[in-house]
Amino acid sequence: QRTMNIEDLVQLFPARRIRPVDGLAITAGVWEEAHEHHRQQVRFHTRLYHGSGIVTGLEVMASDPPDTSVYILPGVAVDPTGQTIVLPQPVAYDIGHEMEGLLYLLLSYEESRPRAEKGQGDGPLHVHSEFSISARTALPATPWVELARVRRRSREDPFLDARNPTQPGPNEIDLRFRHEIGAPQEAS
């Protein structure tokens, strides 16, 4: 995963918070700021005390029969900013025929736009935690967690499970660079 230096990490620390007083008008802005403080505290704690990487699951395997798709099993990861990323169900990801060479399969944290829930009418807007999966030939500047790598010979080659996981060959899924931070056994 992308590493962050200590200066970047310290910027995550919420240095101020709202102190309530009697008569305080709770506007949307005040509510958001108060809750953002808690979100930042959790992200700071998660990243500095537990690290970033794969907490549990997120295994990557080739399609059977092999093609341009891989399957990612459910799991949890923490990105370099402390965001928790949850993949609640298996995902098929088609890398396609556009890329060759060294490919990185990356997981990133996303959020939905604020939206009303069905049937709530004038109720509150909700923001949903989401994720994105991408295959890239270069690592991005934005936060990510590496799921796998593949050294693809040609754009037409299918992806394969590694016959020898300690020395994956061309077109084989390479899991050696995953950073696993682990979870307690009872949570796995």
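## About the model

The model is predicted: local features need pLDDT of at least 70, side-chain atom pairs count only at pLDDT 80 or more, and totals for chains, interfaces and linings use all residues. Residues are numbered from 1 along each chain as its sequence is written, and side-chain values use heavy atoms, with hydrogens and water left out.

## The sheet around S7

Let's start with an open antiparallel sheet of 3 strands, in the order S10-S7-S11. Strands here are DSSP runs of E with at least two residues, helices are runs of H or I with at least four, and both are numbered from the N terminus. Two strands count as paired if DSSP finds at least two bridges between them. At the edges are strand S10 (129-136) and strand S11 (145-152), each pairing on one side only. On average, neighbouring strands of this sheet are turned by 20 degrees against each other, direction ignored; axes are lines fitted to C-alpha atoms (for helices, over the stretch in contact), and angles run from 0 to 180 degrees between N-to-C directions.

Strand S7 (residues 101-111) pairs with S11 over 7 bridges in the antiparallel sense, and Leu 102 stands opposite Arg 151 in S11. S7 also pairs with S10, again antiparallel, over 8 bridges; here Leu 106 has Ser 134 of S10 as its bridge partner. As a reminder, strands of a sheet pair through backbone hydrogen bonds, either parallel or antiparallel.

## The sheet around S4

Another open antiparallel sheet has 3 strands in the order S1-S4-S5. Strand S1 (53-57) and strand S5 (84-87) stand at its edges with a single partner strand each, so one side of each is left without a neighbour in the sheet. Neighbouring strands are turned by 15 degrees against each other on average, direction ignored. S1 and strand S4 (residues 75-78) share 4 bridges in the antiparallel sense, and Thr 56 has Val 76 in S4 as its bridge partner.

The loop between S4 and S5 holds Thr 81. With a relative accessible area of 11%, Thr 81 is buried (under 20% is buried, over 50% exposed, and in between partly exposed, using a 1.4 Å probe and protein chains only). Its side chain makes a polar contact of 2.7 Å with that of Asp 79. A polar contact is a pair of N or O atoms within 3.5 Å; within protein, one must be able to donate a hydrogen and the other to accept it, and residues adjacent in sequence count only if both atoms are side-chain atoms.

## The largest pocket

The largest pocket has a volume of about 540 Å³. On a 1 Å grid over the protein atoms alone, a pocket is an open set of points with protein on both sides within 12 Å along at least five of seven lines, a cavity is a set where a 1.4 Å probe fits but cannot get out, and lining residues have an atom within 4 Å of a point. Grid points are joined across faces, edges and corners, and a volume is the space filled by probe spheres set on the points.

Of the 19 lining residues, Glu 36, Arg 39, Tyr 109, Glu 111 and Val 127 lie nearest the centre of the pocket. Helix H2 (28-50) and S7 are the elements giving two or more residues to this lining, and H2 gives the most, with 9. 

## The cavity

The whole structure holds 1 cavity of 30 Å³ or more, and the largest cavity has a volume of about 60 Å³. Among its lining residues are Val 60, Leu 103, Ala 148 and Ile 173. S7 and S11 each supply at least two residues of this lining.
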